[in-house]
Structures are given as C-alpha cells and as structure tokens.
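Welcome, and thanks for opening your viewer. Let's take a short walk through this structure, one selection at a time.

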Amino acid sequence: NQPAVDPAVTDTAADIATMRIRGAATIADAAAAALATQAERSTATDPAAFERNLRAGARELYETRPTAVSLPNALRYVLRGVEGETVAALRKSTIERADTFRTELEQAQSTLGEIGANRLRDGDVVMTHCHSTDALSCIEAALESGTHIEAIVKETRPRKQGHITARQLRELGVPVTLIVDNAARRYLDEADHVLVGADSIAADGSVINKIGTSGLAVNARERGVPVMVAAQTIKLHPDTMTGHTVAIEMRDEQEVLSLEERVEIESPSEGAESRSTAVDGNDDKDSSQSESDLTVENPAFDVTPPRYIDAIVTERGQFPPESIVTLMRELFGETTAEPWEE
Ligand code: RUB
C-alpha cells in the first residue's frame, strides 16, 4: 500500500506548476532528477510495481505544464532506458539513465553556447526576452573568449523573468539596459542581435517561446536585426512531425490582474473596504468573478513563424529554421506511444 508517487516527486511537480522551477532546460533537469528520486526511494517489492510507480511519477510531472517539450523529452529519455529483471536492476538503470540525461543536458548547453558565441562580435549589443539558460550560455561563451557584449534586457511581463536575466548578466559583468516590453522597437535600433531561447521548436521551424517573442521577432525583421534562437535539441517537438500543434499554456489571470486591481476596475466607488476583503479572498465578489464581463487572458507562450528567425543554434550546429526537420527526423525517428501511458 505504498503511495504510488514519492512525495519528493509531487513536490517537484508542484514547483514546476507554480514556476518555482521554470525555464525549459531547468524543468527537464528537475524532472529527470525527480524520476531518479522516485527510483531511489521506491519501496516496491516486485518489478511490475516499481515500473508502475515510476510511470505514475512521470505522469504527474508530465501534467504540470504543457508547452515546454523538454519535459516529455526528458521523461521519455529516462523511461526508455529503464531495464532489468529485478527491482534492484531497474532502480540502478533508472538512476544511471537520469544521471546521463542530466550530464548530457549540461554538456549540450555548453557546446551550444560555444557555437552561438561565434555569431557574436566584439562590442555587439544583444536584446533578450524572458530568461533562457541556453541563450545566456552563448553570451557566457562569448565573454570567455574575450568578446565584449552589452545587453538590452526586456522586462518580460507579466512575471518579469527579465530581472533574472539582468541579474545573471550583471554577475557576468555585462553592462545591462533594462527596458519595459513596450520599448523594444525603439531600442532595436541599438541592438545587433535578438537572442532568445525556446520551449518547443516545431517541425516547420516555428519557435514557441515566452509570450512576446513573436512580436519582437517581427519588429526585429522590420529593423533589420537578426533573430537568433538558442535551443538544445531536447526543445525539438517530435509530435509536430506528424502534424500536431504545440499546446500554449494559459496561466492564472492574477499574474496579470490581482483581485484588488479587479475590484478597482469593476467597482471603483466601493473604496477601501471592498479592496481589503477582495485581497483576503473571502468577499462575495469572488464568486461573482466568473460572471463578470471583464475577462483577462494570460497566454504564457506564442509562436514565431520560421520566416522571422535567422538561425536556430543547437549543440549539433546552427540551422536555418526550415531545415530543422532533418535534425528532428534523425534524433527522434518515428514517434511511438508515450512510455508513461504504456
Ligand atoms: C521560459 C521561457 C524560456 C525558455 C528557454 O518560460 O520562455 O525562454 O524556456 O529557457 P517560463 P532555457 O518562465 O514560463 O518557464 O533556455 O533555460 O531552457
């Protein structure tokens, strides 16, 4: 009667869902680590129960956020390498496979960084959007080879991941100009590159990344600034080879509009009393919220068509977006049933 999913895995899933763990590569790393923990701590006494529990853990992780394909790709990689006749052998292979995944992930990011750094010249100004560890790896590699880089960092509403980017770039000694998203077009005149990461890349070369990426890419094209996407191959979305589209995550409206702000828009005359009860969350207004004609939409990602992207930089080299499908076929081949559904 042991719980199917270890509490540590449930905690990781909650951290991913609430974005304490965020960013496609970091999510993939955490998911692989969680599967290793599930294997380590499993009290299953027979191989079938062990595998059932592992699959249940993978499913719980899979269901957290829908857009970054690095998450299912990580789960697939680990689960497909699990082998053995006994619980001990299954445990060992799961832990080894998760370790290999995490090591390769780190290696891929640093190789990608060196490849991406070749596109950056001494004195270049790079405009960033959101926070991408793959994109930062390119800047870090450029700095290591003595190239001076400056950055214009977009704040990235609603969650301001640009602040994480600004902090990490400052730690690397990069001069940073932080701007609100709406100032991007104006500052593109001062940029030599737009550099972003990806949550998923589709077979046609479309890039799915933080909301606002597509508008930035269109403006960059109009201004003649090349757009470079830094993305390890675990960001390639195998389902898109068979015509599936990538699900775009819709997040909580309160990331955009707090309960207090909603009250101010809907009933500005009600004053402080209604504001404080709304913040407490136990005002009657809460229940009427669903009937309100004030709708907030909060998509977390958007799709940038391949024609606005100059290069996709991976650990396997850089590609024009239209040719990424060749690499995808080589790496993923035919898609089969998901291991957590078996
Ligand atoms: C993060 C985001 C990042 C990609 C790539 O969105 O869009 O650009 O995940 O990041 P969120 P990395 O903050 O909603 O997770 O290069 O680190 O994988």
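Begin with Pro158, which sits in the loop between strand S2 (149–154) and helix H7 (162–171). Keep in mind as you go that this is a predicted model. Now show the backbone on either side of the peptide bond between Arg157 and Pro158: this bond is cis, with omega at about 5°.

Stay in that loop and select Thr156, which also lies between S2 and H7. Check its backbone torsions: Thr156 is not a glycine, yet its phi is positive, at about 70°. Is Thr156 buried or exposed? With a relative accessibility of 0%, Thr156 counts as buried.

Next, move to Lys160, another stop in the loop between S2 and H7. Lys160 likewise is not a glycine and has a positive phi, here about 55°.

For the last stop, select Cys130 and Cys138 together and draw a distance between their sulfurs. How far is the sulfur of Cys130 from the closest cysteine sulfur? That closest sulfur belongs to Cys138 and is 15 Å away, too far for a bond. A disulfide needs the two sulfur atoms within 2.5 Å, and the count of disulfides comes to zero.

How values were computed
Residues are numbered from 1 along each chain as its sequence is written. This is a predicted model: local features need pLDDT of at least 70, side-chain atom pairs count only at pLDDT 80 or more; totals for chains, interfaces and linings use all residues. Side-chain values use heavy atoms; hydrogens and water are left out. Helices (H or I, at least four residues) and strands (E, at least two) are DSSP runs, numbered from the N terminus. Buried means under 20% relative accessible area, exposed over 50%, partly exposed in between (1.4 Å probe, protein chains only).
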